[in-house]
Amino acid sequence: TNVWRTFLVALACVIAISIPQFGLLMGLIGSLGGATLQFIFPAAFVLKLDWNELSLFRKSLYIFYLCFGAIAGIMGFIQ
């Protein structure tokens, strides 16, 4: 298993070195994926599953999280 892990790390290094502007690609993927996983998905799931049980304050808070995550993802994509 150590040989397989070493091979995967070496392959990842070769890919990172061979692709120009690889940091920008990783930043793009990280900003979209991070915003989606941290803000959008959890808030959307809670709103979908517990809509009737949530108070107005909680609903507005989760909607704010959705908007904030969308704006953060878009800003990360633009930058």
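In this predicted model, confidence in the protein chain is lowest in helix α2 (residues 22-50), at a mean of 87, and highest in helix α1 (residues 2-18), at 92. These values are pLDDT, the predictor's confidence in each residue on a scale from 0 to 100. Across the protein chain the average pLDDT is 89, and 100% of the residues score at least 70. Helices here are DSSP runs (H or I, at least four residues), numbered from the N terminus.

Because this is a predicted model, local features need pLDDT of at least 70 and side-chain atom pairs count only at pLDDT 80 or more, while totals for chains, interfaces and linings use all residues. Residues are numbered from 1 along each chain as its sequence is written, and side-chain values use heavy atoms, with hydrogens and water left out.

Helix α1 has 17 residues and reaches 24 Å from its first C-alpha to its last, close to the 24 Å expected at 1.5 Å a residue; the expected span is 1.5 Å times one less than the number of residues. This helix is hardly covered, since the count of buried residues among its 17 residues is 0. Buried means under 20% relative accessible area, exposed over 50%, and partly exposed in between (1.4 Å probe, protein chains only).

A nonpolar patch on the surface is formed by Trp4, Phe7, Leu8, Leu11, Ile15 and Ile19, which together have about 560 Å² of accessible area. The areas come from the Shrake-Rupley method with a 1.4 Å probe. An α-helix has 3.6 residues a turn, so residues three or four places apart point the same way.

The table gives the accessibility of some residues.

| Residue | Relative accessibility | Class |
|---|---|---|
| Leu8 | 38% | partly exposed |
| Ile15 | 38% | partly exposed |
| Gln21 | 58% | exposed |
| Glu53 | 61% | exposed |

Gln21 lies in the loop between α1 and α2, and has a positive phi of about 60° although it is not a glycine.

In α2, the 29 residues should span 42 Å at 1.5 Å a residue, and the end C-alpha atoms are 41 Å apart, which agrees.

Glu53 is found in the loop between α2 and α3 (56-78), and its C-alpha is 33 Å from that of Gly30, 23 residues away in sequence.

Methods
Helices (H or I, at least four residues) and strands (E, at least two) are DSSP runs, numbered from the N terminus. Patches are made of residues with over 30% relative accessible area and no salt bridge: like charges are joined within 9 Å, nonpolar side chains (Val, Leu, Ile, Met, Phe, Trp, Tyr) within 5 Å. A salt bridge is a side-chain nitrogen of Lys or Arg within 4 Å of a carboxyl oxygen of Asp or Glu.
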